[in-house]
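Morning, everyone. Please bring up the sequence and the model, and keep both in view while I talk.

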Amino acid sequence: MRWIIGALGAATAAATLTGCGLWYSERAVGTAPPSPPPPPPPTTSAPPPPRPFELGLDGVDPCRLLTDDQRNQLGFDRDPIPDSEAGFGNAATCSYRNTTGKVGARLALITTEGMGVWTDDTAQVEATPVVIGGFPALVIKTPGLDLSCNVAVDVAEGQHLDVLYRDDGGRPPPPVDQLCAGAQRVAEDAISTLAELELVTSGTRSSDAESGATN
């Protein structure tokens, strides 16, 4: 009898422990945090359009890329200031200023990097594809920096035109979308002038070649 009572007690204890184990298990399952949602499928964007032709930047003066008429229309009332950009292999730059609108622009002729530098993994910018003067381009916003906007234009293999358009003391400063619109307008004018310079240069080269062939 004592053995039977002991066996019953052991069985009861085992059943109690088993029941508690099941209860805690069910409770744990019921309170577990939900699984995170699956990641969104990767987005694919259409490849940029091809360049209509090459506009090499080697030897180009950036302060010649905006004509007097273009500068007047853009409101740039100060003389352009040439400089260089150390971050892009001492690229030639030119800065313009609109003292009435309190905005400024800087053109940089990048001959050491293609436009893809703005879309690689280290860029950390928001780049939106556009077309400027028939050339593939990017409108570039930098998160946390709302006082400037860039437009990069893919003008030649391994080269691009970078236009920075920025607030220059406006009260209040213009919204970033307005700055981006200004950068696009400056880029369009600069590409138009650059194409005309290329036509003149190409014509001069052709004339020189013909003269050399006849001599």
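I'll start with the overall layout and then turn to the salt bridges.

A word first: this is a predicted model. The protein has three helices and seven strands. Starting at the N terminus, the order is α-α-β-β-β-β-β-β-β-α. There are 215 residues, and 30% of them count as buried. Now contacts. Take those between residues at least 6 apart in sequence: 55% join residues at least 24 apart.

On to the salt bridges. How many does the structure hold? Eight.

Look at Arg51. Its partner Asp154 comes within 2.9 Å, taking the closest N and O atoms. Asp154 sits in strand 6, while Arg51 sits in the loop between helix 1 and helix 2. That is 103 residues apart. Asp154 is buried, at 14% relative accessible area. Arg51 is partly exposed, at 23%.

Arg51 also bridges to Glu157, with closest N and O atoms 3.2 Å apart. Glu157 lies in the loop between strand 6 and strand 7, so this pair ties together parts 106 residues apart in sequence. Glu157 is exposed, at 63% relative accessibility.

One more pair. Arg106 and Glu85 meet at 2.9 Å, N to O. Arg106 is in strand 3 and Glu85 in strand 1, so the bridge ties together parts 21 residues apart in sequence. Buried or partly exposed, which is Arg106? Buried, at 16% relative accessibility. Glu85 is partly exposed, at 25%.

Definitions and conventions. Residues numbered from 1 in each chain as written. Predicted model: local features only at pLDDT ≥ 70, side-chain atom pairs only at ≥ 80, totals over all residues. Heavy atoms only, no water. Helix = DSSP H or I, 4+ residues; strand = E, 2+ residues; numbered from the N terminus. Buried < 20%, exposed > 50% of the residue type's maximum accessible area, 1.4 Å probe, protein only. Contact = heavy atoms within 4.5 Å. Salt bridge = Lys/Arg side-chain N within 4 Å of Asp/Glu carboxyl O.
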